[in-house]
Amino acid sequence: MATLADYGPEVRAEVKQVREVVSNLHQQLIKWNLVVWTAGNVSQRLHTADLFVIKPSGVRYENLTPNSMVVVDLDGNVVDGTEAPSSDTASHAYIYRNMPDVYGVVHTHSTYATAWAATGQNIPCGLTMMGDEFGGPVPVGPFRLIGSEAIGKGVVETLKKYPKSPAVLMQNHGPFTIGKDAEGAVKAAAMTEEVAHTMWAAKQLGDIIEIDQADIDKLNDRYQNVYGQH
C-alpha cells in the first residue's frame, strides 16, 4: 500500500498546506458552536493527487494539530498519519469519488440542524439567505448507519435531487456539507445551522411563508454570480 513517501514533492507540499488548513478549520467548528467534545469532522481533497486530509477519530479539538491530520486515498486507505482517521472517512471518500467538483466535506452535529434531521423534515426555504446559499430548502437525506460509505451514498443521492444545495441533513444523524474547498464546506455548515435555528424560531410564531421557486432561482443566481468580490 502506498505511503506519502511514494508521492512526489508537489504532492507532499500540498499535503503539508492542506493539513494546516484542515487543522485550523476545525477550530471554526468550535467558534460557531457546530460541535461538542470530539464530534464532527472536516476534510479537504488535494488537487495534485487522489488523496484527502481528514480529522483523526475521537481526538479532542484542543489537541488537534496539522501533524495529527490523517492523509487517506479515495478508497479511505491511510497514506500518512499516526492516528486512525475519522469514522466518517469512508463516506467522505465516497462523496469525493462521486462528486468530482467537491474538494471539501464537513460533518457536524449542530443543535438546530440536527433537530430538523431528527424529525426527518427539510428546512423550508422561507428566507432570502436560504435562496442565496441553498437554492431552495435544506433537504433531509435517508437514515444510514455510521462506519461505512452508506452515509456518503445517501448524501450523493440526496444532492442529485437538490443540485444547488451544499447541505444534507442525514436523518437521525446530522448535517453534511460540501464545498469547492474545506472552508466553503465549513461556511455551508455554519449557514445550515443559522437557517435551521431561524426557521425553527419562525415555526414557533406561526406558519412559514415559503419563497416561490422562481424568486429563489433569482436570489441564488445573484448570490453565486454577482455578490462579493470577483
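**View 1. S165 in the loop between α5 and β7.** S165 sits in the loop that links α5 (150-161) to β7 (167-170). The model shown here and in the other views is predicted. Is S165 buried or exposed? S165 has a relative accessible area of 4%, and under 20% counts as buried, so S165 is buried. Neighbours within four places in sequence are left aside for the contacts of this residue. S165 then touches F134, P139, L159 and I178.

**View 2. Helix α3 against helix α6.** Two packed helices are described by the angle between their axes and the distance between the axes. Here the pair is α3 (residues 111-119) and α6 (residues 182-205). Their axes come within 7 Å. They cross at roughly 65°. That angle makes α3 roughly perpendicular to α6. The crossing of the two helices is left-handed.

**View 3. Residues in the contact of α3 with α6.** Which residues of α3 meet α6? On the α3 side they are T111, Y112, A113 and W116. On the α6 side they are T192, E193, A196, H197, M199, W200 and K203. By class, the residues of this contact divide into six nonpolar, three polar and two charged.

**View 4. The annotated span, residues 20-200.** The UniProt record, an unreviewed entry, carries the annotation "domain: Class II aldolase/adducin N-terminal" for residues 20-200. In the model, the end C-alpha atoms of this span lie 35 Å apart.

Key: Residues are numbered from 1 along each chain as its sequence is written. This is a predicted model: local features need pLDDT of at least 70, side-chain atom pairs count only at pLDDT 80 or more; totals for chains, interfaces and linings use all residues. Side-chain values use heavy atoms; hydrogens and water are left out. UniProt positions are given in the numbering used here, feature names are shortened, and annotations may be inferred rather than shown by experiment. Helices (H or I, at least four residues) and strands (E, at least two) are DSSP runs, numbered from the N terminus. Axes are lines fitted to C-alpha atoms, for helices over the stretch in contact, and angles run from 0 to 180 degrees between N-to-C directions. Angles under 35 degrees count as roughly parallel, over 145 as roughly antiparallel, 65 to 115 as roughly perpendicular and the rest as oblique. A crossing is left-handed if the near helix is turned anticlockwise from the far one by less than a right angle, and right-handed if clockwise. Contact means heavy atoms within 4.5 Å. Ala, Val, Leu, Ile, Met, Phe, Trp, Tyr, Cys and Pro count as nonpolar, Asp, Glu, Lys and Arg as charged, and the others, Gly among them, as polar. Buried means under 20% relative accessible area, exposed over 50%, partly exposed in between (1.4 Å probe, protein chains only).
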